[in-house]
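Let's take a walk through a protein model, starting with the overall fold and then zooming in on a few of its parts. Have the structure open as you read.

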Amino acid sequence: MTTGQDRATQPETGPDDERLPTVAEQMADQLGGWRGLVESSIPVVVFVIANIIGDLRPAVIASVAVALLIAGLRLAQRRPVRHAVNGLFGVAIGAAIAWRTGDERDFYLPGILYGIGYGLALLLSAAIRQPLVGWIWSVLVAKGRSEWRDDPQLVRTFTRLTVLWGVVWLAKVGVQAGLYLAHQDTALGVARLTLGYPPYALLLLITVWTVRRVTREPQPAPLPGN
């Protein structure tokens with residue numbers, strides 16, 4: 001008989017398909033590998049540097065142009081474009097707002113607002129016992145299955161992980177919001193880079209390790225005759 005813990009991470013099609021991706025594989029998929037990390041950071045780096053040595057508008061144009069170039073190269077090489085498109089979308093919105101207001105710090109405003117909303121959504125989902133990290137796990141790892149909802153231990157695990165994600169997310173966006181309000185434009189750009197993927201990668205590592213540890217705990221031996 002298959003337990004809720006086993007079903008939370010294992011497909012039902014057979015033993016050959018039941019292997020859970022390794023920590024490295026799951027992190028690489030979500031972060032887009034080293035190339036994805038670098039490519040998603042380049043437009044922001046270009047904006048920060050160009051804005052320091054020049055004016056706002058050239059910096060906006062340069063960052064959007066680089067984002068478009070990266071997306072185009074991925075398409076030409078027939079590589080996955082999910083991370084490139086996400087990066088392009090974020091850069092384009094920030095660039096449009098900064099261009100309209102003429103204030104360079106507004107380039108980072110969409111990311112700050114998104115971070116606040118995401119952090120609050122995580123904490124709210126944990127409070128109502130529908131942990132968002134658990135549902136994301138179902139989609140990205142468990143192939144759409146959500147049997148973890150029937151396992152109290154996994155529900156508690158995903159709830160705690162969701163709270164951790166929410167607190168970290170609000171903490172890092174709080175730093176950026178403080179720099180935004182203080183008009184520390186260059187420091188805000190540096191914070192955007194340093195508080196971007198490193199905390200995300202660490203949270204992914206903690207999440208994958210914790211869930212794998214819980215789902216691999218030995219189960220009680222069945223009673224005789226069952």
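Follow this predicted model from one end of the sequence to the other and you get the pattern α-α-α-α-α-α-α-α-α-α. In other words, the chain has ten helices and zero strands. Of the contacts with a separation of 6 or more, 72% link residues 24 or more positions apart.

Here are some whole-chain numbers:

| What | Value |
|---|---|
| Buried share of the 226 residues | 40% |
| Accessible surface | about 12600 Å² |
| Carbon and sulfur share of that surface | 65% |

Now pick out helix H8, residues 152-181. How far apart should its ends be? At 1.5 Å a residue, its 30 residues should span 44 Å, and the end C-alpha atoms are 43 Å apart, so the two agree. At the start of H8, Asp-151 points a side-chain oxygen to within 3.0 Å of the backbone nitrogen of Gln-153. After H8 comes His-183, with a positive phi near 60°.

What about the inside? In soluble globular proteins, nonpolar side chains tend to be buried together. Here the largest nonpolar core has 18 residues, and Val-133, Trp-137, Phe-158, Trp-165 and Trp-169 touch the most other members. Helices H6 (109-127), H7 (132-140), H8 and H10 (197-215) each give two or more residues to this core.

Which residues does Phe-158 contact, leaving aside its neighbours within four places in sequence? They are Pro-131, Val-133, Gly-134, Trp-137, Trp-148 and Val-211. There's also a second, separate core of 17 residues, including Val-48, Ala-50, Ala-95 and Val-173.

Terms used. Residues numbered from 1 in each chain as written. Predicted model: local features only at pLDDT ≥ 70, side-chain atom pairs only at ≥ 80, totals over all residues. Heavy atoms only, no water. Helix = DSSP H or I, 4+ residues; strand = E, 2+ residues; numbered from the N terminus. Expected span 1.5 Å × (residues − 1). Polar contact = N/O pair within 3.5 Å; in protein donor to acceptor, adjacent residues only side chain to side chain. Buried < 20%, exposed > 50% of the residue type's maximum accessible area, 1.4 Å probe, protein only. Contact = heavy atoms within 4.5 Å. Areas by Shrake-Rupley, 256 points an atom, 1.4 Å probe, with all protein chains shown as cover. Core = buried A, V, L, I, M, F, W, Y, C linked by side-chain atoms within 4.5 Å.
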